[in-house]
Amino acid sequence: MGRSQESPDIVAETLTVRTLPYAAGDLLQHAREQNPDIRSKQASIRQQQTQVELAHKNFRPDLNVAYMYQHTNNQTRDYYMATFGLRLPNRGRQKAELAEAEENQERVRRDMDAESQRVLSEVQQQYVRAKTAEERLKIYSDGLVPQSEATFRSALSAYQSNRQDFQGLLSSFLDVLNLDLEYRSELVEHESALAELERLTGVDVP
């Protein structure tokens, strides 16, 4: 990473749930406008369009006009010369160049369509992935985790008053631990999907 040996250690921030403020349609529109791969293909199309326009212009005759004036001395007359030139294009060669330019333009257009479909499909998949993880996180945070913590506190109170054996207390503790691990795994899934959406669409999810 190019960091000096004296730089402080990187401390990872606590992972928290972010809310996706965009609908699927908004994300797809942002991807069409801001995705770097799509924009690169669009630039290639514009370049090929320029090549096609140049190939069309090469069918026109090339007319050249030149004028020269020379003053030598006062004893001789000034020198004037005008020249005209006309270059007729080789239509066979120009047709071949135009056909090649149009073929390249169509190939780049097909590539852009394929790339657009790939990106938009991936955006849709990541959106579904994020929303599914968001729903599961809500189930964990609103139901399963609080319920398991309440069960553990009840088991701990019962154990402290000799109304619960240690095996039951340990089982309640493991339930809390496993649900917490599952919640954090789902949180990573959710945030990974959001990170992919940011990369694909160029939006910033706060």
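**Salt bridges and surroundings**

Analyst: One place to begin is the pair K131 and E134, whose side chains meet in a salt bridge with an N to O distance of 3.8 Å. Please keep in mind throughout that this is a predicted model.

User: Where do K131 and E134 lie?

Analyst: Both K131 and E134 belong to helix 3, which covers residues 91-160, and they are three residues apart, about one turn of the helix.

User: And are they buried, partly exposed or exposed?

Analyst: K131 is partly exposed, because its relative accessible area of 25% falls between the limits of 20% for buried and 50% for exposed. E134 is partly exposed too, with a relative accessible area of 26%.

User: Why do side chains pair up like that?

Analyst: In general, side chains of opposite charge can pair when their charged atoms come close.

User: How far apart in helix 3 are D142 and K138?

Analyst: D142 and K138 are four residues apart in helix 3, so about one helical turn separates them. Their side chains meet in a salt bridge at 2.9 Å, N to O, and both residues are exposed.

User: How many salt bridges are there in the whole structure?

Analyst: A search of the whole structure finds 14 salt bridges. One of them joins the side chains of R18 and E198 at 3.2 Å, N to O. That pair links distant parts of the chain, since R18 sits in the segment before helix 1 while E198 is in helix 4, 180 residues apart.

User: Which residues are linked in a network of salt bridges?

Analyst: The network links D37, E115, R118, E122, E196 and R199.

User: New topic: where is N35, and is it buried or exposed?

Analyst: N35 is found in the loop between helix 1 (24-34) and helix 2 (36-57), and it is buried, with a relative accessible area of 2%.

User: What does N35 touch?

Analyst: Leaving aside residues up to four places away in sequence, N35 touches H30, V119, R199 and L200. R199 is also a member of the salt-bridge network.

User: Okay, and which residues form the nonpolar patch on the surface?

Analyst: The nonpolar patch is formed by Y159, F166, L170, F173, L174, L177 and L181, which together have about 620 Å² of accessible area. Its largest share, six residues, comes from helix 4, residues 166-201.

User: Take L174, then: how exposed is that one?

Analyst: L174, which lies in helix 4, is partly exposed, with a relative accessible area of 36%.

Note on methods:
Residues are numbered from 1 along each chain as its sequence is written. This is a predicted model: local features need pLDDT of at least 70, side-chain atom pairs count only at pLDDT 80 or more; totals for chains, interfaces and linings use all residues. Side-chain values use heavy atoms; hydrogens and water are left out. Patches are made of residues with over 30% relative accessible area and no salt bridge: like charges are joined within 9 Å, nonpolar side chains (Val, Leu, Ile, Met, Phe, Trp, Tyr) within 5 Å. Accessible areas come from the Shrake-Rupley method with a 1.4 Å probe; for residues, only the protein chains shown count as cover. A salt bridge is a side-chain nitrogen of Lys or Arg within 4 Å of a carboxyl oxygen of Asp or Glu. Helices (H or I, at least four residues) and strands (E, at least two) are DSSP runs, numbered from the N terminus. Buried means under 20% relative accessible area, exposed over 50%, partly exposed in between (1.4 Å probe, protein chains only). Contact means heavy atoms within 4.5 Å.
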